[in-house]
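Please keep the sequence and the structure in view while reading.

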Amino acid sequence: MRVLVTGGAGYIGSHTVVQLLAAGHQVEVVDSFANAKASVVPRIEALTGSLLTVHAFDVCDRDKTEALLAGGAFEAVIHFAGFKAVGESVAEPLSYYDNNLDSTLSLVRAMNRHGVRRLVFSSSATVYGADPELPMREELPTSATNPYGWTKVMQEQILRDVAAADHSWRIGLLRYFNPVGAHPSGTMGEDPQGNPNNLVPFIAQVAVGRRERLAVFGGDYDTPDGTCLRDYIHVEDLAAGHVAALHRLQAMAEPVGVWNLGTGQGTSVLEMVAAFSRAVGRDLPYDIVERRAGDIAVSYADPSRAHAELGWRAVKSVDDMCADAWRWQSANPQGYPDA
Ligand code: UFG
């Protein structure tokens, strides 16, 4: 298929582009490079032996997006582009609503106009809200606890409404749990700008000496070791879930499919620190501090629908996630180069 990938230079996007190319798809990327470095592109090309066409603009730009869809002869789009930092969304709600909703509206309008009606969308387990029933199943009601989460709930709703108005659409909503890890080559991985918000990038920066100690947010949760449980999923498994969803869209009877992409296993913060320490070969320093506002104690998927309908399941272990994240971080202590 000819596939357009928005946000294809970002963390999950870049890993998915590699797998799409390996599966024989023709891929073009559009990325604003607001939260990605151009130096990922030659690395994708080196891993796949393909030249990648990259359009450097923001899909919020309706004219440019319109022109791209008009001329691209795309059969499907995977839409990763979006802002994703929970804390930043609380501080700057308008820029989150603006960017995340605008980009989706601009993209879907242009797709509709040019008859490209297959879309795989990056949603999040955050749409299960503050106190979800466990394990999280796709049928649960959606809500959110911060503006970032609401933009995901709203984008899901927009896409459902678009598909309800025109049944020729085929849309896959993928609800990611906690993506971590890196490409096993060590040449691609997560490269947060500034202070990492997420656990594994923070641990990786402690391990490589960029930060002194990890702060573990809360040791008094109602969990076996007192720290929060999350469903960490290797980014390679997550990328494979996108390829599976893209294939599934072609055979889908209903216009919209919703799939959790997780492992179904909860891992605590301290278990993750221990696993990363095993990967590095030494203990990593941490302190248990106050809880972080907005964290829920436990989050893990029921991934059975994705297995039944996409023929997909996560296969990589927490040790694989840490070994690959460490290979990436130790080979690229400062992340991707600027040039
Ligand atoms: N944590 C620490 N120290 C840190 C960072 C995180 O102890 O420096 C803890 C958190 O308190 C939490 C766990 O590690 O218990 C995981 O935190 P992350 O920030 O890595 O992930 P979250 O589960 O909070 O967030 C992720 C995604 C969001 C998404 C959310 C809910 O990053 O995009 O899941 O689906 F909204």
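## Enclosed cavities

Glu-190, Asp-191, Pro-192, Gln-205, Arg-210, Trp-328, Gln-329 and Gly-335 line the second largest cavity. On a 1 Å grid over the protein atoms alone, a cavity is a set of points where a 1.4 Å probe fits but cannot get out, and lining residues have an atom within 4 Å of a point. The space in this second largest cavity is about 30 Å³; grid points are joined across faces, edges and corners, and a volume is the space filled by probe spheres set on the points. Its lining consists of 2 nonpolar, 3 polar and 3 charged residues. In this classification Ala, Val, Leu, Ile, Met, Phe, Trp, Tyr, Cys and Pro are nonpolar, Asp, Glu, Lys and Arg are charged, and the others, Gly among them, are polar.

By this rule there are 2 cavities of 30 Å³ or more. The largest cavity holds about 70 Å³ of space, and among the residues that line it are Tyr-11, Val-180, Glu-190, Pro-201, Trp-328 and Gln-329. Helices α7 (199–207) and α11 are the elements that give two or more residues to this lining. The lining of the largest cavity divides into 7 nonpolar, 2 polar and 1 charged.

## Basis of the model

The model is predicted: local features need pLDDT of at least 70, side-chain atom pairs count only at pLDDT 80 or more, and totals for chains, interfaces and linings use all residues. Residues are numbered from 1 along each chain as its sequence is written, and side-chain values use heavy atoms, with hydrogens and water left out.

## Overall fold

The protein chain has 11 helices and 13 strands, where helices (H or I, at least four residues) and strands (E, at least two) are DSSP runs numbered from the N terminus. The radius of gyration of the chain, taken over C-alpha atoms, is 19 Å, close to the 20 Å that the globule rule gives for 339 residues, so the chain is as compact as a globular protein of that length. The globule rule is 2.2 Å times the number of residues to the power 0.38. Along the principal axes, the C-alpha atoms fill a box of roughly 55 × 45 × 40 Å.

## The ligand and its surroundings

The ligand is surrounded by 19 residues, the closest being Asn-198, Ala-215, Phe-217, Arg-230 and Asp-295; a residue counts as near if one of its heavy atoms lies within 4 Å of the ligand. This shell has 11 nonpolar, 5 polar and 3 charged residues. Its largest share, 4 residues, comes from strand β8 (residues 214–217).

Which distance separates an oxygen atom of the ligand from an N or O atom in the side chain of Asp-295? The distance is 2.6 Å. For Ser-124, an N or O atom in the side chain is 3.4 Å from an oxygen atom of the ligand, and for Asn-197 a backbone N or O atom lies 3.4 Å from an oxygen atom of the ligand. The ligand taken alone exposes 690 Å², and the protein buries 88% of that; accessible areas come from the Shrake-Rupley method with a 1.4 Å probe.

## Backbone features

Most residues other than glycine have a negative phi, and most peptide bonds are trans. Leu-134 and Pro-135 are joined by a cis peptide bond, with omega about -10°. Pro-135 is found in the loop between β5 (118–124) and α6 (147–165). Phe-33, a residue other than glycine, has a positive phi near 60°, and Phe-33 lies in the loop between β2 (26–30) and α2 (40–48).

Methods:
Polar contact = N/O pair within 3.5 Å; in protein donor to acceptor, adjacent residues only side chain to side chain. 1 Å grid on protein atoms, 1.4 Å probe; cavity = no way out; pocket = protein on both sides within 12 Å on 5 of 7 lines; lining within 4 Å.
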